[in-house]
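This is a walk through one protein model, taken a few residues at a time. Please keep the sequence and the structure in view while reading.

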Amino acid sequence: MGGIAGKIGGIGLMKNYAQLRQEVEKTLRELQLWKGEPQALYQPAVYALGQGGKRIRPVLALMACGLFGKDYREALMPAVGLEVFHNFTLLHDDVMDNAAMRHGMATVHVKWNADTAILSGDAMFAAASCLVAKAPKDCLPEVLDAFHRLALGVCEGQQYDMNFETQSEVSKSEYMEMIRLKTAVLIAGSLEIGALVAGAPQEDVKRLYAYGNKIGLAFQLQDDWLDLYADESKFGKRIGGDIRENKKTYLYVRAIENLKETDRKKLEALFTSTGMNEEEKIATVKALFEKANAHEDCRAAVNQLFAEAGTEIDALVSSVDSDTLHALKAFTAGLLGREY
């Protein structure tokens with residue numbers, strides 16, 4: 001990621017990805033929001049934000065702002081607010097998923113407790129709203145509307161995800177809608193907010209949102225694949241976590257669609273079992289996924305979404321900064337392990 005370079009940000013203010021990420025990190029460290037009392041409320045937020053991460057969403061917002069010739073610093077506070085919001089969702093997700101690790105570190109509810117994770121998460125959402133509200137006044141209503149729409153969408157996506165845990169059948173279209181809401185709307189919304197701060201034409205705001213939506217969907221499908229096939233030391237989470245938690249990912253949905261009845265029933269039974277040895281369960285499920293060619297279907301879907309995203313961004317009608325456009329394309333390609 002750090003090797004993806006490009007110039008962005010407006011005349012005299014060219015920045016590459018690494019520099020933008022550093023600015024986001026610096027701003028997160030210096031936020032006065034976390035220096036109040038009681039520290040028992042704020043320290044878990046500091047811990048969560050200090051766990052690392054690629055800072056994808058704020059960097060996308062800053063790039064979108066610079067794309068249309070605006071000083072990227074105009075979008076810095078809303079961009080950081082988007083990162084705080086993203087991390088708030090992770091605190092609550094980890095409680096609901098009973099996840100023990102994130103970025104190779106203990107999750108907040110494990111290090112402290114579930115009540116602390118919930119309350120500190122709530123404080124992070126409030127702080128995120130305050131930061132997004134620091135957008136320039138001339139675009140503030142539109143920015144706040146975009147932020148609250150994406151926040152509500154993430155909640156809707158999480159509810160669908162929870163529903164799927166007990167829903168006997170999940171279609172491909174249902175799954176894609178769930179991940180659009182839970183994951184893609186935040187990536188798309190980050191680009192939208194950056195473009196709104198820049199005063200981009202509405203048509204281009206919509207194109208950039210569509211671009212982010214396709215990238216977000218591809219990013220989640222790739223994450224589904226990596227959960228089973230990644231190098232655990234680099235992934236930051238235990239491999240096979242989705243199978244352990246009986247999560248119906250894209251791999252599961254496609255396998256159910258592709259397998260013959262006997263194997264399909266076997267897979268369904270595995271996702272309702274509780275007493276089976278974890279490693280044996282992961283190996284058995286993985287074999288069924290591969291028998292159904294679900295892993296290859298997943299990779300093909302990522303490729304298709306990436307291609308469709310390129311069509312959207314190439315259709316921008318404004319005269320945009322070419323260096324910034326190159327940087328944005330390179331950055332999003334790098335998220336999916338591709339060259340640009």
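This is a predicted model: local features need pLDDT of at least 70, side-chain atom pairs count only at pLDDT 80 or more; totals for chains, interfaces and linings use all residues.

A pair of aromatic rings is described by the distance of the centres and the angle of the planes. By the rule used here, the count of aromatic pairs is 11. In the pair formed by Phe85 and Phe88, the ring centres are 5.6 Å apart and the planes stand at 55°, so the pair is tilted. Ring pairs also link Phe85 and Phe88 with Phe125 and Phe147 into a cluster.

Tyr229 has a relative accessible area of 21%, so it is partly exposed.

Arg299 lies over the face of Trp225, 4.7 Å from the ring centre. Another arrangement of this kind involves Lys111, whose charged end sits over the ring of Trp112 at 5.5 Å from the centre.

A polar contact comes next. Arg102 belongs to strand S1, made up of residues 101-102. Its relative accessible area is 18%, so Arg102 is buried. What does the side chain of Arg102 make a polar contact with? The partner is the side chain of Asp94, at 2.7 Å.

The packing of helices can be followed in H7 (residues 140-166) and H8 (residues 172-198). Their axes are 8 Å apart, and the angle between them is about 165°. Because angles over 145 degrees count as roughly antiparallel, H7 and H8 are roughly antiparallel to each other. The crossing of H7 and H8 is left-handed.

The backbone has some points to look at as well. Most residues other than glycine have a negative phi, and most peptide bonds are trans. The bond that joins Glu37 and Pro38 is a cis peptide bond, with omega about 0°. Pro38 is in the loop between helix H1 (17-30) and helix H2 (39-49).

Arg55 has a positive phi, near 55°, although the residue is not a glycine. It is found in the loop between H2 and helix H3 (56-67). With a relative accessibility of 2%, Arg55 counts as buried. Asn293 likewise is a residue other than glycine with a positive phi, in this case near 65°. Asn293 lies in the loop between helix H14 (278-291) and helix H15 (294-313). Is Asn293 buried or partly exposed? Its relative accessible area is 35%, so Asn293 is partly exposed.

The last stop is a set of distances between residues separated along the chain. Ile282 is in helix H14, and at 9% relative accessibility Ile282 counts as buried. Between Ile282 and Asp242 there are 40 residues of separation along the chain, and their C-alpha atoms are 9.4 Å apart.

Lys247 is located in the loop between helix H11 (241-244) and helix H12 (250-258). Its relative accessible area is 12%, so Lys247 is buried. From C-alpha to C-alpha, Lys247 and Val302 are 19 Å apart in space, while in sequence they are 55 residues apart.

Thr262 is part of helix H13 (residues 261-270). Thr262 has a relative accessibility of 66%, and because exposed means over 50%, Thr262 counts as exposed. How far is the C-alpha atom of Thr262 from that of Ala126, and what is the answer in Å? The two atoms are separated by 50 Å, and the residues are 136 apart along the chain.

Definitions and conventions: Residues are numbered from 1 along each chain as its sequence is written. Side-chain values use heavy atoms; hydrogens and water are left out. Helices (H or I, at least four residues) and strands (E, at least two) are DSSP runs, numbered from the N terminus. Buried means under 20% relative accessible area, exposed over 50%, partly exposed in between (1.4 Å probe, protein chains only). A polar contact is a pair of N or O atoms within 3.5 Å; within protein, one must be able to donate a hydrogen and the other to accept it, and residues adjacent in sequence count only if both atoms are side-chain atoms. Rings of Phe, Tyr and Trp (its six-membered ring) pair if their centres lie within 6.5 Å; planes under 30 degrees apart count as stacked, over 60 as edge-to-face and the rest as tilted. A charge sits over a ring if NZ of Lys or CZ of Arg is within 6 Å of the ring centre and within 35 degrees of the ring normal. Axes are lines fitted to C-alpha atoms, for helices over the stretch in contact, and angles run from 0 to 180 degrees between N-to-C directions. Angles under 35 degrees count as roughly parallel, over 145 as roughly antiparallel, 65 to 115 as roughly perpendicular and the rest as oblique. A crossing is left-handed if the near helix is turned anticlockwise from the far one by less than a right angle, and right-handed if clockwise.
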